[in-house]
Amino acid sequence: MTRRSDSDNDGETSSRSPSWRPKKCKGEKHVSFPPDEEIVSGFAERKDTINVDSLTLAEVIEAYKRSCDRHQVEPKPKILEQLEQVTSLNGRAPCLDLKGERLDHLSCEALEVILKSLSFDFINLQAAELEENGASSLLDMILYYESTPHLDISDNTGMGVSGWKALSHLIKQSVCLLRLDVCNVALLQYPAQVLSRALLSSRLTVLHLQSTCLSGRPLFTLVAALKSNRALRELYLSNNNLNSEQDSMQLGDLLRYNSSITTLDLSNNTIANSGLEEICEGLRVQTDGLKVLILWSNQITNNGLVHLAKVLPVLKTLETLNLGENNLQNRGIHTLRESLMMNHSLLQLGLEHTHFTCEGAVALAEFLAESRQIQRLDVRENEVRAGGLMALSLALRINHSLTSLELDHTPKQEQEDFLMETQKSLLREISELCTGNAARHRIAAETELPWPHSSETR
């Protein structure tokens, strides 16, 4: 078993394990550990006494009810319903969904009998109103029993110092936790510090921090830790009021020093044109790294795309770029056109509601006619009428890689009725051409032969 060390940087002296829980005086928690060799032997004995293979589902449910009686809380109907749907006690159950269930300290303690018997692909504690002692106890249990690879503790604002310490230890010490969602919680001062410190040595590969007030010092602290982190692959930072100045400089530094992150979601911030320049400077030095960049709704205009156009041709790994909900206009599409042609890695391009017209659609059609790898293009909610649709349709007769061209289903208003009918006809033709490309891709994948081993080539 891994346990908290007295020398941990965040300053606490010890922590409790569910197997050796002392009685606590009201208002405080005192914990002591036996020597390390006793902990190891105790852990082994505990695993033997649990003997999960011999348990039945009915016994687990009954044990939970008895635990609730012992802790003087009512069994949660939502938990009982989910337990009854478990099909096997071997392996992980799909989900323990406690979203919106109020979990006070004693309710959390009552859950231990479940966590010692079952593990889950996903434990959802979103908006569970976790309080300090309850959060600390429950997160300690999840660490001790290695209960899940995916934990969501979003919308819990009352975890307190002990709760955040317990989360820090879970992040640092768990060998199975790979994804963590901590959204709609203000990561200010202490929470930002302990979370960032934990990320220095965590195994997390996916981290969701949407709507966590990261702008400023919290982002600086987070980036300082992630510069040396080589485990994290996906980072989601939407809705954090990240600005075009210091915040964007930090993000640029992150991309300069970390080439392990493959997905970066910055949607619904205020990166703007100058911030995009900082991010592009960070991307420029990456030879192997970011595959997905989401810049949805960031107040970016054509002036910012000048910087993106300079770096796109040299990016070797970027596969998805979403620029939707930015005021790019036709000038922005023209700015990107040539650099898109020169890029050989991009598979998906999002341009939804970027305020271009048929002129921009023609520029995109020129890109499609040259591209041999683009697979998905989203141009919904733009003023693309018959002329633009005609250009896209003609390009698709040449392009055999695009399998999805997302357009508005309802034709745009035209001055002449026959142009409305032309739009409908072109929309059908574009759909058929994309379907044909997708079918060819499937056939190619099915008939592709495996690369022979050396012994087969002799």
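**Helix pairs, one by one**

Helix H15 crosses H16 in a left-handed way. Left-handed means that the near helix is turned anticlockwise from the far one by less than a right angle; clockwise would be right-handed. This is a predicted model, where local features need pLDDT of at least 70 and side-chain atom pairs count only at pLDDT 80 or more, while totals for chains, interfaces and linings use all residues. Residues are numbered from 1 along each chain as its sequence is written, and side-chain values use heavy atoms, with hydrogens and water left out.

Helices (H or I, at least four residues) and strands (E, at least two) are DSSP runs, numbered from the N terminus. Two packed helices are described by the angle and the distance between their axes. Axes are lines fitted to C-alpha atoms, for helices over the stretch in contact; angles run from 0 to 180 degrees between N-to-C directions.

H15 covers residues 386-396 and H16 residues 417-447; their axes come within 9 Å and cross at roughly 25 degrees. The two are therefore roughly parallel (an angle under 35 degrees). The contact has eleven nonpolar residues, four polar and one charged. Nonpolar covers Ala, Val, Leu, Ile, Met, Phe, Trp, Tyr, Cys and Pro; charged covers Asp, Glu, Lys and Arg; the others, Gly among them, are polar.

Next come H6 (residues 132-144) and H7 (residues 160-173). Their axes come within 7 Å and cross at roughly 15 degrees. That makes H6 roughly parallel to H7. Their crossing is left-handed. From H6, the contact includes Leu139 and Leu143; from H7, it includes Ala166 and Leu170. Here eight residues are nonpolar, six polar and two charged.

Stay with H7. Its 14 residues reach 20 Å from first C-alpha to last, close to the 20 Å expected (1.5 Å times one less than the number of residues). H7 is mostly covered, with eleven of its 14 residues buried (under 20% relative accessible area, 1.4 Å probe, protein chains only). Trp164 and Ile171 are among them. Their cover includes H6, strand E3 (150-152), strand E4 (179-181) and helix H8 (190-199).

Last, take H11 (residues 272-284) and H12 (residues 302-311). Their axes come within 8 Å and cross at roughly 5 degrees. That makes H11 roughly parallel to H12. Leu276 and Cys280 of H11 and Leu305 and Leu308 of H12 are among the contact residues. This contact has six nonpolar, four polar and three charged residues.

Methods:
Angles under 35 degrees count as roughly parallel, over 145 as roughly antiparallel, 65 to 115 as roughly perpendicular and the rest as oblique. Contact means heavy atoms within 4.5 Å. Buried means under 20% relative accessible area, exposed over 50%, partly exposed in between (1.4 Å probe, protein chains only).
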